[in-house]
Structure formats: C-alpha cells, structure tokens
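Good morning, colleagues. May I ask you to turn to the sequence and the model now being shown.

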Amino acid sequence: MMKLRVSYERPEELRRLLDRLGPEVKSWRHSQNREGQFKKAYIEIKERPA
C-alpha cells in the first residue's frame, strides 16, 4: 500500500486529483489541522498484485 500526503489550496484541486487516481484510491481523509494557506489530505493507494 502506498500513502500520499497532498497539499492543496482549493477543494477543486483535491477533487481533480482524486478523479485522476480513480479506482486506485483505497481511502482518503482530510487533515484535522485546517489552519494556514494550504490544506492537507491523506490518500491510500491500493497495492497492485505482483
């Protein structure tokens, strides 16, 4: 499994990324810290069989 931490300014940026990753996304969540210019999200990617 691969974990990504993504920084973004607008919700549209996160939505566009999630749409591109599509079915590869196992789960994702927003960071609890919503202060500052950039927001963060954590994305887990499914593991591909070898």
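This is a predicted model: local features need pLDDT of at least 70, side-chain atom pairs count only at pLDDT 80 or more; totals for chains, interfaces and linings use all residues.

Residues are numbered from 1 along each chain as its sequence is written, and side-chain values use heavy atoms, with hydrogens and water left out.

How many salt bridges does the structure hold? There are 2, a salt bridge being a side-chain nitrogen of Lys or Arg within 4 Å of a carboxyl oxygen of Asp or Glu. In general, side chains of opposite charge can pair when their charged atoms come close.

Arg 10 pairs with Glu 12, with 3.4 Å between the closest N and O atoms. Arg 10 also forms a salt bridge with Glu 13, where the closest N and O atoms are 3.6 Å apart. Through shared partners, Arg 10, Glu 12 and Glu 13 are joined into one network.

Are these residues buried or exposed? Buried means under 20% relative accessible area, exposed means over 50%, and partly exposed lies in between, using a 1.4 Å probe and protein chains only. Arg 10 has 42% relative accessibility and therefore counts as partly exposed. Glu 12, at 47%, is partly exposed, and Glu 13 is partly exposed at 25%.

I turn now to Met 2, which lies in strand β1, residues 2-8; strands are DSSP runs of E, at least two residues, numbered from the N terminus. Met 2 is partly exposed, at 48% relative accessibility. Met 2 and Ile 45 are 43 residues apart in sequence, yet 5.1 Å apart in space, C-alpha to C-alpha. Neighbours within four places in sequence aside, Met 2 is in contact (heavy atoms within 4.5 Å) with Ile 43, Glu 44 and Ile 45.

Note on methods
Helices (H or I, at least four residues) and strands (E, at least two) are DSSP runs, numbered from the N terminus.
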